[in-house]
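Have the sequence and the picture open while you read.

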Amino acid sequence: MLVRNLLVLSLAATGCIYEREAVRADRPVESPPPAPAAETPPPSVDPQQGYQVEAPPPPPAGTEVASEAVFYERLSPYGYWTFVAPYGRVWVPSVGYGWRPYYYGQWVLTDWGWTFVSDDPWGWAAYHYGRWNFGVGVGWYWVPGRVWAPAWVSWRYGAGYVTWCPLAPPGVVFGYRHPAWVAVSEQHFTRPIAAVAVPAQRTYGVVTQAQPLAGPNATVGRGASFGPPVTGVARATGQQIRPIAAAQAVRPRPVVTPGANASSGGAMRSPRARPRPDREVARPAPPRAGQGWRASPPAQPGAVAPRSSPGGGSTGSAPRAAPPANAGSAPRASPPSSDGGSRGGGGAHATSPRTQ
């Protein structure tokens, strides 16, 4: 007892008192883990394809669209969208030097008349809806439209040749020296155009000799009469030409992801640059070395852009293009004459009986 008291006194003198903590022998109780939740993919996702959802298929040939938004996502992998006044949002394809619309493909007779069948996977949209224009600093750009047509082109025919150029927005004309014009011999009209087209430096002479088509041959509509006369083409080509359904000729190709090699499988045969992502800065695609049309120095197409009307709600104007480099002094676009061309032979009147 004495020893214990001495020990307590000595510990108290040093200021350190040790107390043994009581140890509880209670056993911890752990709750069982929750059962794993059943994982089911969303209804629109195919378990075999993971979570990559494909865009809905484009509208079939001959169908008008209710909104231009149907084009935005589907065309983005093949170019970029930008703003050009007074047209608003336009699409610029990623193409190489020398590219031009309605050139990489061929003409097929359908129940709508001569229909352009493109080599490009985006051809279902840009060749059958809307118009094309050219702007300095932008290049070729497509103005969306909602009305479907076998092709939005202006025709000239005669002297053994068929020529055409894309229809520009209302008020814009392409001069006969403009590289928008394409010409082929009538006997080669149904063949792939890029393989049989008249060289660019000779196109002007062919276009001026041909005459503009009028009446049913210039009218967009179902009836197999749009374009050059079928009897004349059949006689020149030695073929028996019968129309097929437009939906059979114009078949949209699947959309590729940005950066993918879109030319695999012959889907894209025209010279083109690497696809660009969607953006709002208007910069032309850089040319690729050794590609494109090298028959003449770089031409600056001479399309004249319309000025916005005072009540049109837009104060801007579309970019004006300089005259072609190989054309000397290119004539200015003038008001169209009654024969469908421009007065003085300087331009072609790009009109259509059905505006978009």
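Start at Pro-212, which lies in strand S10. Before going further, note that this is a predicted model, where local features need pLDDT of at least 70, side-chain atom pairs count only at pLDDT 80 or more, and totals for chains, interfaces and linings use all residues. Residues are numbered from 1 along each chain as its sequence is written, and side-chain values use heavy atoms, with hydrogens and water left out. Helices (DSSP runs of H or I, at least four residues) and strands (DSSP runs of E, at least two) are numbered from the N terminus.

**Around Pro-212**

- Pro-212 is buried, with a relative accessible area of 19%; buried means under 20%, exposed over 50%, and partly exposed in between (1.4 Å probe, protein chains only).

- Four strands make an open sheet in the order S9-S8-S7-S10, with antiparallel pairing (two strands pair if DSSP finds at least two bridges between them).
- Strand S9 (182–185) and S10 sit at the edges with a single partner strand each, so one side of each has no neighbour in the sheet.
- S10 pairs with S7 in the antiparallel sense, over two bridges.
- Tyr-157 stands opposite Gln-211 in S10.
- Helix H5 (residues 200–209) packs on this sheet and touches S7, strand S8 (161–166), S9 and S10, where a contact means heavy atoms within 4.5 Å.
- The direction of H5 makes about 105° with that of S8; axes are lines fitted to C-alpha atoms, for helices over the stretch in contact, and angles run from 0 to 180 degrees between N-to-C directions.

**Arg-156, an arginine on the inside**

- Is Arg-156 buried or exposed? Arg-156 is buried, at a relative accessible area of 6%, and belongs to strand S7 (residues 153–158).
- Its side chain reaches two backbone oxygens: that of Ala-210 at 2.6 Å and that of Val-207 at 3.0 Å.

**The salt bridge**

- How many salt bridges does a search of the whole structure find? It finds one, counting a side-chain nitrogen of Lys or Arg within 4 Å of a carboxyl oxygen of Asp or Glu.
- The partners are Arg-222 and Asp-111, whose closest N and O atoms are 2.7 Å apart.
- Arg-222 sits in the loop between strand S10 (211–212) and helix H6 (230–237), and Asp-111 in the loop between strand S3 (105–110) and strand S4 (113–118), so the pair ties together parts 111 residues apart in sequence.
- Arg-222 is exposed, with a relative accessible area of 57%, while Asp-111 is partly exposed at 26%.

**Helix H6**

- The buried residues of H6 are Gly-232, Val-233, Ala-234 and Thr-237.
- S4 and S7 are among the parts that cover those buried residues.
- Just after H6 comes Gly-238, with a positive phi of about 70°.

**Stepping back to the whole protein**

- The protein has seven helices and ten strands.
- It has 356 residues, and 44% of them count as buried.
- Looking at contacts with a separation of 6 or more, 66% are between residues 24 or more positions apart.
- The accessible surface comes to about 19400 Å², with 54% of it belonging to carbon and sulfur atoms; accessible areas come from the Shrake-Rupley method with a 1.4 Å probe, and for residues only the protein chains shown count as cover.

How values were computed: A polar contact is a pair of N or O atoms within 3.5 Å; within protein, one must be able to donate a hydrogen and the other to accept it, and residues adjacent in sequence count only if both atoms are side-chain atoms.
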